[in-house]
Amino acid sequence: MTTQIPLNHQTKNMIKQRVLQAAIDEKLKIQDAEKNGINISEKEIDASIRNFELTNKIPAEQLKNILKKERVSEDVFRSQMKSDLAWIRLVKRKTAADAQPTAKEVEEAIQKAEKDASLRKYKVSEIVIPVKEAQNIQALVSNLRSDPRFELYAMQFSQSPSSSSGGKLGWGNEGQLPEVLEAKLKKMYAGTISDPIKSGNNYYILKLEKAYDPKKDKPEIPSRKEMETFIENQRMEEFANRHLQHLRQQAVIELRN
């Protein structure tokens with residue numbers, strides 16, 4: 001519904017496992033949040049839905065009609081909103097004491113950024129699709145090149161851990177990515193989408209957000225506040241990924257036809 005990609009046999013196969021895992025994770029997140037005394041009210045869900053309408057330029061109270069037209073359950077949509085809100089609150093509570101970096105850590109991170117300013121680097125987003133599920137991957141690339149919402153597609157389709165952050169990998173120095181991916185990036189311009197790139201058992205679709213060449217570009221050194229926020233968000237994301245993996249390993253999951 002959100003991407004407007006044609007619903008057919010190929011696209012269903014491409015996202016089936018991703019959607020299944022997302023449905024399992026949704027239940028795990030809500031259960032763990034409730035176990036930790038976190039409950040999301042209907043009023044909070046309503047506010048989140050209104051924010052979704054504003055972000056997607058949907059007139060107030062029209063989302064219900066859109067969901068009905070697309071045959072999407074309103075209860076399922078609200079459940080997803082509840083899961084997201086509960087998980088964010090849980091992660092913030094669990095990391096409140098540890099996520100905040102010290103002044104020394106911020107200073108060391110800024111010094112590292114200044115040192116890295118002499119290296120070529122790329123700011124990249126990715127979508128990763130297993131080869132066995134990539135029958136319709138070229139159609140996905142075509143959609144990405146005509147639709148600026150790469151982040152949304154990554155969250156819906158990508159089977160990489162980066163999907164939780166919209167496929168964003170952030171800045172990486174030259175030499176950090178696999179050679180086959182970096183070779184493609186060197187030929188791309190900022191804002192462009194790559195053709196599918198096969199590496200191992202996966203296809204990668206890359207979006208080059210920005211490229212930095214120390215020979216001609218002025219370095220952008222983050223402020224102390226920006227670096228502090230970056231470290232804090234990074235630590236919360238790392239905890240969220242570890243904790244979710246722990247919940248998956250501990251859970252007893254039964255799939256029913």
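Biologist: Is the crossing of helix 4 and helix 9 left-handed or right-handed?

Modeller: This is a predicted model, in which local features need pLDDT of at least 70, side-chain atom pairs count only at pLDDT 80 or more, and totals for chains, interfaces and linings use all residues. Residues are numbered from 1 along each chain as its sequence is written, and side-chain values use heavy atoms, with hydrogens and water left out. A crossing is left-handed if the near helix is turned anticlockwise from the far one by less than a right angle, and right-handed if clockwise. By that criterion, the crossing of helix 4 and helix 9 is right-handed.

Biologist: At what angle do the axes of helix 4 and helix 9 cross?

Modeller: Axes are lines fitted to C-alpha atoms, for helices over the stretch in contact, with angles from 0 to 180 degrees between N-to-C directions; helices (H or I, at least four residues) are DSSP runs, numbered from the N terminus. The axes of helix 4 and helix 9 (residues 224-250) come within 10 Å and cross at roughly 110°.

Biologist: Why is the pair of Phe52 and Phe77 edge-to-face?

Modeller: Rings of Phe, Tyr and Trp (its six-membered ring) pair if their centres lie within 6.5 Å, with planes under 30 degrees apart counting as stacked, over 60 as edge-to-face and the rest as tilted. The centres of Phe52 and Phe77 are 5.2 Å apart, and the pair is edge-to-face because the planes stand at 75°.

Biologist: Which helix holds both Tyr153 and Phe157?

Modeller: Tyr153 and Phe157 form a stacked aromatic pair, 6.3 Å centre to centre with 25° between the planes. The two residues are four apart, about one turn of the helix, and both lie in helix 7 (residues 150-157).
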